[in-house]
Amino acid sequence: MTNGLSGPRKQFLDVLRVLATCAVVLMHVLTGATDVTDASIVPEYRSLLLSVMDLVTWCVPIFLLISGYLFLNPERTLTYPVMIKKYCRRIALAILLFGVPYAASELVVAERSFRVMMIPEALKMTLTGHTWSHMWYLYLILFLYLITPLLKKVLRVLPVWGVGTVMAVIFLGSSVAPFLNKVLDVNSIPVLPDGGVYFLYYLCGYLFAVREVCVDKGRNVWLTAAVAVLALGMILSRTLAGFSIQMAYNYPFTVLLAVLLFAAGWNGGRDGAAPAAREKDRIHRIPWQEAGALSFAVYLVHPVYVNLLYKFVKITPFTVLEQCGVQSVAAGQAVLILLLAAFCLVVLALATATAWVLRKIPVLRKFVL
């Protein structure tokens, strides 16, 4: 969700950024619907809903991989003044400009009135992280940005195998161990803090940057196939084996899926192509670049439309499904998939239009979006 650094843009980053943004919207369309829906409607579709969540939970990890790939690249020099004045300031302004109104709206809804003192109250809520839930990512990325210059100094002296060792420890302690505790319904396996997995994704982006190689189409095909097999295996475990644990950002399935997706899109080393090929790539890159530039604003504003649909218009995929009067579960699942896709497209279209308008405001475009 970052705009990246100076230098040639790589199309695969814009593609991943756009796809991850779409996945975030779909995830919030789904979770928002389950939050406001009578639980009695949902159980028969639980397996399907969990499968959909499995297939989109990679979105935030992909954002972190992209950030690590860009900001931890050893060829990039990032001092604290640059990091704070340019990148940290941008995130901090986004937190204030969007977090405060979101927090204030919660106060207005709770009290069904507006008071002037709600503004400082909303500011306090935002500064302490108590605004709309999707804003949590901005606090996380702000922290990672703040430690990036120091982290880059450490990475300059730490060998790659040492970085890999640290990542392996984090993966075992923050991903595998919590997952096993959940599956086995025990608390006896020692774990590291769950938040460590976000640091793991950030470092993983660094490894992709330092291992930059020319990617051949054959390898991409195999990686894409691996993604498909992993996703299919998770879906089958839901539908056939009845696996009922919801995936989280730190669980092994999500980690592997996110890394494989990034690797499948990774196309470092393409800059040496012939001039005609580079020009063709440039033309193809423009739509993705423009869409990628909107992704941060789309992330910031899309919950507005989810809330409008669910809490004010009072229409969700489940209420529409109930009105359809579908008789069989199989037919209901098919209709529900279509409804989730339709709601996602509506929210995505409205959020994209809003993002486009906001980016037309020079001061927002320059300092925030």
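Y137 is buried, its relative accessible area being 2%. The exercises below concern this predicted model.

**Exercise 1.** Determine how many helices and strands the chain has, and state what share of its residues is buried.

*Solution.* The chain contains 14 helices and 0 strands. Of the 369 residues in the chain, 47% are buried. The chain exposes about 18,400 Å², and carbon and sulfur atoms supply 69% of that area. Among contacts with a separation of 6 or more, 82% join residues 24 or more positions apart.

**Exercise 2.** Classify the aromatic pair of Y102 and W132, locate both residues in the chain, and decide whether each is buried or exposed.

*Solution.* The structure holds 18 aromatic pairs. Y102 belongs to helix α4 (residues 80–111), whereas W132 sits in the loop between α5 (118–127) and α6 (136–157). The two residues are 30 positions apart, and the pair links distant parts of the chain. For burial, the limit is under 20% relative accessible area. Y102 has 7% and is therefore buried; W132, at 13%, is buried because that value also falls under the limit.

**Exercise 3.** Classify the pair of W136 and Y137, compare the accessibility of its members, and name the aromatic cluster that contains them.

*Solution.* The centres of the W136 and Y137 rings are 6.2 Å apart, with 90° between the planes. An angle over 60 degrees counts as edge-to-face, so the pair takes that class. W136 is partly exposed at 30% relative accessible area, while Y137 is buried at 2%. Both residues belong to one aromatic cluster, which also includes F63, Y198, Y249 and Y299.

**Exercise 4.** Describe how helix α1 packs against helix α10, and give the classes of the residues in contact.

*Solution.* Helix α1 (residues 11–36) and helix α10 (residues 252–265) have axes 9 Å apart and pack at an angle of about 140°. The crossing of α1 past α10 is right-handed. From α1, the residues F12, L13 and L16 meet L261, F262 and G265 of α10. By class, this contact has 5 nonpolar residues, 1 polar residue and no charged residues. Glycine counts as polar, so G265 is the polar residue in the contact.

Technical notes. Residues are numbered from 1 along each chain as its sequence is written. This is a predicted model: local features need pLDDT of at least 70, side-chain atom pairs count only at pLDDT 80 or more; totals for chains, interfaces and linings use all residues. Side-chain values use heavy atoms; hydrogens and water are left out. Helices (H or I, at least four residues) and strands (E, at least two) are DSSP runs, numbered from the N terminus. Buried means under 20% relative accessible area, exposed over 50%, partly exposed in between (1.4 Å probe, protein chains only). Contact means heavy atoms within 4.5 Å. Accessible areas come from the Shrake-Rupley method with a 1.4 Å probe; for residues, only the protein chains shown count as cover. Rings of Phe, Tyr and Trp (its six-membered ring) pair if their centres lie within 6.5 Å; planes under 30 degrees apart count as stacked, over 60 as edge-to-face and the rest as tilted. Axes are lines fitted to C-alpha atoms, for helices over the stretch in contact, and angles run from 0 to 180 degrees between N-to-C directions. A crossing is left-handed if the near helix is turned anticlockwise from the far one by less than a right angle, and right-handed if clockwise.
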